[in-house]
Amino acid sequence: MPELPEVETVRRTLEQLVAGKTIRSVAVHLPRIIQRPDDKAVFCAMLEGRTIQTVERRGKFLRILLDGLVLVSHLRMEGRYGVYRAGEAVEKHTHVVFHFTDETELRYKDVRQFGTMHLFEPGEDLSQPPLNKLGIEPLDESFSYASFRDTVAGKGTKIKPLLLNQEYVVGLGNIYVDEALHKARIHPERPAESLTKTELQALHAAIVSTLLEAVEAGGSSIKSYVNGQGEMGMFQQQLAAYGRKDEPCPHCGEAIVKTVLAGRGTHFCPSCQVLKPKRIARKHT
């Protein structure tokens, strides 16, 4: 599933490609992708004549702002957008096509068919599903150490499942949680309440730096991810833990271990990320 860096890369690409374009018509070939309204004909009619103003992101969701509407799009497992000239061959698994007045098209392709689209009046989307329960944004100015500490500290949940929970911190998935924990040298099974102030500070910094580095590299193309121009991300070449089972840790040379935690494949260094005896850290300030 695309994580924050991949979705941010798609956002930046789409903003360059479609901002300012006006929708002439919309074709929906897989109605279940359209979640709101529940009638594809209404969805199409609502978008006709609308102009895309900008493209924003909330967690792993795209927010396409039009004049008078907000389109919330979740790529899920393998959803992708691409801009084409009208008349170009349409690829298999293309489920939604936005026809623009300049004879170009924004096409949504989704092999797994798990993606979703919701239409809202401006201001409604952030207070209703699927965005209303999302946690703090790790690349936002509000993501201070204090806000991260208040979100994480004192929780009995193991730190990796907690970071994967989008109600606490948004945008993090399996790849970047493994990478941030490895950079901060924290074992993924450590209870959040056991982390010291120093460890929480290190983890906060690791989350931000890992995500910024990944965005700069265009995300990670582990399976099928490409941006809106069909380009692969390159951050997978910089991964220190994820996907590197039995390879040497770049910090100490110990072999990276892969296990399963909360149903997710989990990579860590047993030397750098030691599972310390369970204890509850003192209240952090």
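Predicted model: local features only at pLDDT ≥ 70, side-chain atom pairs only at ≥ 80, totals over all residues.
Start with helix 3, which covers residues 145-152. Six of its eight residues are buried, so the helix is largely enclosed by the rest of the structure. The buried ones are Tyr-145, Ser-147, Phe-148, Arg-149, Thr-151 and Val-152. They pack against helix 4 (159-164) and helix 6 (197-216). After helix 3 comes Gly-154, which has a positive phi, near 90°.

Now turn to charged side chains. Side chains of opposite charge can pair when their charged atoms come close. The structure holds 20 salt bridges. One of them joins Glu-15 to Arg-11, with 3.2 Å between the closest N and O atoms. Both residues belong to helix 1 (residues 4-18), and being four residues apart they are separated by about one helical turn. An α-helix has 3.6 residues a turn, so residues three or four places apart point the same way. Glu-15 is partly exposed, at 27% relative accessibility, whereas Arg-11 is buried, at 15%.

Glu-137 meets Arg-57 at 2.9 Å, N to O. Glu-137 lies in the loop between strand 9 (116-120) and helix 3, while Arg-57 lies in strand 3 (residues 52-58), so this pair ties together parts 80 residues apart in sequence. Glu-137 and Arg-57 are buried. Glu-137 also forms a salt bridge with Arg-58, at 3.1 Å, N to O. Arg-58 is in strand 3 too, so here the parts tied together are 79 residues apart in sequence. Through shared partners, salt bridges join Glu-8, Arg-11, Arg-12, Glu-15, Arg-57, Arg-58 and Glu-137 into one network.

Conventions: Residues numbered from 1 in each chain as written. Heavy atoms only, no water. Buried < 20%, exposed > 50% of the residue type's maximum accessible area, 1.4 Å probe, protein only. Helix = DSSP H or I, 4+ residues; strand = E, 2+ residues; numbered from the N terminus. Contact = heavy atoms within 4.5 Å. Salt bridge = Lys/Arg side-chain N within 4 Å of Asp/Glu carboxyl O.
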